[in-house]
Amino acid sequence: MGQTTALTLEPRQEQTIMEITAAEIGEEQNVVHLEANMGAYGKVYATIIFKFNADRSGGTYTAQGRGFVDENTMLGGAGVGVWKREGSKAYLEEVVNISDGTQNLHRGVMDMMENTLVLDAYILR
């Protein structure tokens, strides 16, 4: 097996503030729906499904997103990640595959008091 190269992260686009449009609270998972105008991906709609760890202070999640770049172009994205809650904020990190062949590392802070997810997207591929 060959050596790996050092990981250098460059932003894919400007930081995005997504608006939480709905939340579904459950016993085993929570679901959050978001939307934003998101640079390279246009008008984006996303859903995140949060699973809890044993003490419910964090866990794993999956995400699906659709970005409408223009009237004729839609991109799809799927992500998996980990999250940790501190008070009313959750800190998220995920790897996302996008239908145009790109991959991102997303890091975000979801603030349930402000109904926002502040998201940074970095280029993986």
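**Exercise 1.** In which strand is Gln103 found? Classify the residue by burial and list its contacts.

*Solution.* The model is predicted: local features need pLDDT of at least 70 and side-chain atom pairs pLDDT 80 or more, while totals for chains, interfaces and linings use all residues. Numbering runs from 1 along each chain as its sequence is written, and side-chain values use heavy atoms, with hydrogens and water left out.

Step 1. Gln103 is found in strand β7, residues 103–111; strands (E, at least two residues) are DSSP runs, numbered from the N terminus.

Step 2. Buried means under 20% relative accessible area with a 1.4 Å probe, protein chains only. Gln103 has 19% relative accessibility and therefore counts as buried.

Step 3. Contact means heavy atoms within 4.5 Å. Leaving out residues up to four places away in sequence, Gln103 touches Arg12, Val96, Asn97, Tyr122, Ile123, Leu124 and Arg125.

Step 4. A polar contact is a pair of N or O atoms within 3.5 Å; within protein, one must be able to donate a hydrogen and the other to accept it, and residues adjacent in sequence count only if both atoms are side-chain atoms. The side chains of Gln103 and Asn97 make such a contact at 2.7 Å.

**Exercise 2.** Is Asn104 buried or exposed? Find a polar contact of its side chain.

*Solution.* Step 1. Asn104 is placed in strand β7.

Step 2. Its relative accessibility is 0%, so Asn104 counts as buried.

Step 3. The side chain of Asn104 makes a polar contact with that of Arg12 at 2.8 Å.

Step 4. Not counting residues up to four places away in sequence, the residues that Asn104 touches include Tyr41, Glu94 and Ala121.

**Exercise 3.** Describe how β4 pairs with β3 and with β5.

*Solution.* Step 1. Two strands pair if DSSP finds at least two bridges between them. Strands β3 (residues 43–52) and β4 (residues 58–70) pair in the antiparallel sense over 10 bridges.

Step 2. Ala46 stands opposite Gly65 in β4.

Step 3. The hairpin of β3 and β4 has 5 residues between the strands, and Arg56 in this hairpin takes a positive phi near 65 degrees.

Step 4. β4 also pairs with β5 (residues 73–86), again in the antiparallel sense, over 12 bridges. Gln64 has Ala78 in β5 as its bridge partner. The hairpin of β4 and β5 has 2 residues between the strands.

Key:
Helix = DSSP H or I, 4+ residues; strand = E, 2+ residues; numbered from the N terminus. Buried < 20%, exposed > 50% of the residue type's maximum accessible area, 1.4 Å probe, protein only.
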